[in-house]
Amino acid sequence: MEKQWYTISVYSENNVGLLNRISGIFLKRHINIEGLNVSKSEIEHVSKFTIVVNTTEDWTRKIVQQIEKQVEVIKAFYHTDDDIIYQESALFKIASHLLFDERQIQNIIKESNSQIVTVSREFFVLAKTGRRHEIDEMHDALEPYGIMQFVRSGRIAVTKAAMPISELLTEFQEN
Amino acid sequence: METLKAEKKEKKQETTMRITGAEALIHCLLAEGVDLIYGYPGGAIMPVYDELYKFQDKLTHILTRHEQGAAHAAQGYARVTGKVGVAMATSGPGATNLVTGIADAQIDSTPMVCITGQVTRSLLGSDAFQETDIVGISTPVTKWNYQITRVEEIPEIMAKAFYIARSGRPGPVLVDITKNAQFDELDFKYEKCTGVRSYKPVPEPNLSAIENAAELINNAKRPYIIFGQGVILGEAEAELKALVEKGGIPAAWTILGLSAMETDHPLNVGMVGMHGNYGPNVLTNECDVLIAIGMRFDDRVTGNLATYAKQAKIIHFEIDPAEVNKNVKVDVAVLGNAKETLGMLLPLINKSEHKEWLDEFDKKHQIEFETVIQKDIHPTKEGLTMGEVMEQINMATGNNAVIVSDVGQHQMIACRYAKFTQSKSNITSGGLGTMGFGLPAAIGAKMGAMDREVVAIIGDGGYQMTIQELGVIFQHNVPVKIVVLNNDHLGMVRQWQELFFESRYASTVMTNPDFVKIAEGYHIKSRRVVQRSELKDAVAEMIASKDPYFLEVKVEKEDNVFPMIPTGASVADIRLK
């Protein structure tokens, strides 16, 4: 089976040990976590893990089954890129003098639709939100001029279709 | 108004008491019906042991000689009773010594709660004396685990621990309790856990899946059941038997399913897997409908997956959704507790017989009997065989003993030849293959079934991994019957070396001590058998003994266990020699 990008959404109770438990499921099968984000979700007191992997659908399905089996996991889903709206964020720290010395940098900022978050005497910081390849393209464009620091967040995603989780939680609350 | 207040106050006094965390823990255990725990004290669990001292009339603590022994004894107890086994240890090495038993319980779905002491909260993360991250260490091998750092958490977490350990597909739970939480006081009140919102222990059975399963079974010409421990854990033995008899369906067992159906039942065709029976393996690839009940298609059962039951429609009765389509793609998955789902299936099954199909199992059995079984249980050569020892034990116990085995050749022989008339009677380390499991598990099994004969079958290798537990047998006079089948080798590894490594016996030859003298050192009655002529009498003497008894049988040094599916081979290519 062919490998492709899958985004796994995990709804869980907010528990300290759970990240360890979930990451162990990937570790055991030698599947690299390409992106990880943990945040609150649309449901009060429920956390959401967004995990990105590049593997086969068969493995993804088995991993999701194992994740869902964990006591503190409420529900887990997997999606292809077509099923979701997704974004990543990145920050670029660049020497301030380049802004004046290298005219091209201003073009890159405009074309990439990124924002200048702060400017100081020594450096300025660019923030970019978008798809992974857009951030990669911006990184490649800036790299020849020198990037002092670079960081990219994990993917965050929402599904195009309704996530069949809300009903489940209403059911919990009724009981 | 005043009376109302007074009533309220009185009610409060009834339901809560101001006690320490350590005492609260004991009340939690008592509320869960625990009367027996296995463990080993140490610094970080001392407040709890102090309470155990005070509660010894209600709660028996058995001091094993190693924490691994405590975990395996708790497992043996759980497997034979169906109740949650409890093991206790201190922090650091005490906790890490439990890990093998926890991993074993996880892979064999054994309900167990392990309680470990932990350094006081303020010292966590400081590399304090005997501090270890047991929650981190045990995470991959527990169904659930938790570190209690505040005394108020104790009742709720303990209730949850027992609920999770025993519900759904059972498994081990570890609760780590910091020392401050043991010393501090709380207003104690216990409520049993009845549910955890993120956890659905038993999936709802789907009627249409059951109907599809029934249709496949009713139209099958060569239906075949393989049952596993799910039948025992779900207490679905009667439903299984009813299905087998009504549908006239031959049924084979996995090593952990053994004893769910009496071994002498005419439709019980034997064991599947690497050292299982010939017919059950070969005919897996000739059935038209394979009905897997409470089993997980372990690699030792399936051999090469690419050639496993490809011709068959496969129905999987399973409680754990994560097992469905994990190793083998199935046509119909019936989720739920086997007792419930088989109960729903039964009325839909047509009464049937599959005589020709059954004859094939008989024919295959005949072949295996002539080439393997006959030689194993009625040998004509000089050296004693493990099989004939099992045969004698069957006869002496009327097929009614609890058989606890360790891991290796003797385990395969025990599972192949031991006969059973009652469920929950075969206790062995299946998934993890833990050498050293047998002796402590037999202690737990005996203490869980004092009215039954418990015979431990152990090899000379595994015996020496937990031999110190003879101390428990002596101290508490636990009337376990211990049989060591001594071939002076790590027999199974030696067999593989002979077959696949050109007989290079790397580190498999054992120079053994005098096992009889060791048993005598613990004041346990003992006997050694070196000749066939003594065997029957020795086994009879052992079974007749009211006290613990140790029997060493010197068996042939280089016997092999057959049939055998070599690793990576198909079930159809099982070797008879």
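Predicted model: local features only at pLDDT ≥ 70, side-chain atom pairs only at ≥ 80, totals over all residues.
Local features were taken at pLDDT of at least 70 and side-chain atom pairs at pLDDT 80 or more, whereas totals for chains, interfaces and linings use all residues. Residues are numbered from 1 along each chain as its sequence is written, and chains are lettered from A and ligands numbered from 1 in the order in which they are written.

Chains A and B meet in a contact to which chain A gives 16 residues and chain B gives 16 residues; residues are in contact if their C-beta atoms, placed from the backbone, lie within 7 Å. On the side of chain A that touches chain B, two or more residues come from each of strand 1 (3-13), helix 1 (18-28), helix 2 (57-69) and strand 4 (73-80). Helices (H or I, at least four residues) and strands (E, at least two) are DSSP runs, numbered from the N terminus. This side of chain A has four nonpolar, six polar and six charged residues, where Ala, Val, Leu, Ile, Met, Phe, Trp, Tyr, Cys and Pro count as nonpolar, Asp, Glu, Lys and Arg as charged, and the others, Gly among them, as polar.

In chain A, UniProt places an ACT domain (unreviewed entry) at residues 7-87. That span is 30% helix and 44% strand, and its end C-alpha atoms lie 12 Å apart. UniProt positions are given in the numbering used here, feature names are shortened, and annotations may be inferred rather than shown by experiment. For chain B, the UniProt feature "domain: Thiamine pyrophosphate enzyme N-terminal TPP-binding" (unreviewed entry) is at residues 20-135; the span is 45% helix and 18% strand, with its end C-alpha atoms 23 Å apart. The UniProt annotation "domain: Thiamine pyrophosphate enzyme central" (unreviewed entry) covers residues 210-344 of chain B, a span of 31% helix and 20% strand whose end C-alpha atoms lie 7 Å apart.

Chain B has an open sheet of six strands in the order 3-2-4-5-7-6, with parallel pairing; strands pair if DSSP finds at least two bridges between them. Strand 3 (60-63) and strand 6 (144-148) of chain B stand at the edges with a single partner strand each, so one side of each has no neighbour in the sheet. From one strand to the next the twist averages 20°. Strand 2 (residues 36-39) and strand 4 (residues 85-89) of chain B pair in the parallel sense over two bridges, and B:G39 has B:M88 of strand 4 as its bridge partner. Helix 7 (residues 154-166) of chain B packs on the sheet, touching strand 5 (112-118), strand 6 and strand 7 (172-178), and its direction makes about 165° with that of strand 7. Axes are lines fitted to C-alpha atoms, for helices over the stretch in contact, and angles run from 0 to 180 degrees between N-to-C directions.

Helix 4 (residues 67-81) and helix 5 (residues 93-107) of chain B pack at about 30°, with their axes 7 Å apart. The two helices of chain B are therefore roughly parallel (angles under 35 degrees). Residues of this contact include B:E67 and B:H72 of helix 4 and B:L98 and B:D104 of helix 5.

Most residues other than glycine have a negative phi, and most peptide bonds are trans. A:H30, not a glycine, has a positive phi of about 55° and is in the loop between helix 1 and strand 2 (35-40) of chain A. A cis peptide bond, with omega about 0°, joins B:F562 and B:P563; B:P563 is in the segment after strand 20 (549-554) of chain B.

Definitions and conventions: Contact = placed C-beta atoms within 7 Å. Parallel < 35°, antiparallel > 145°, perpendicular 65-115°, else oblique.
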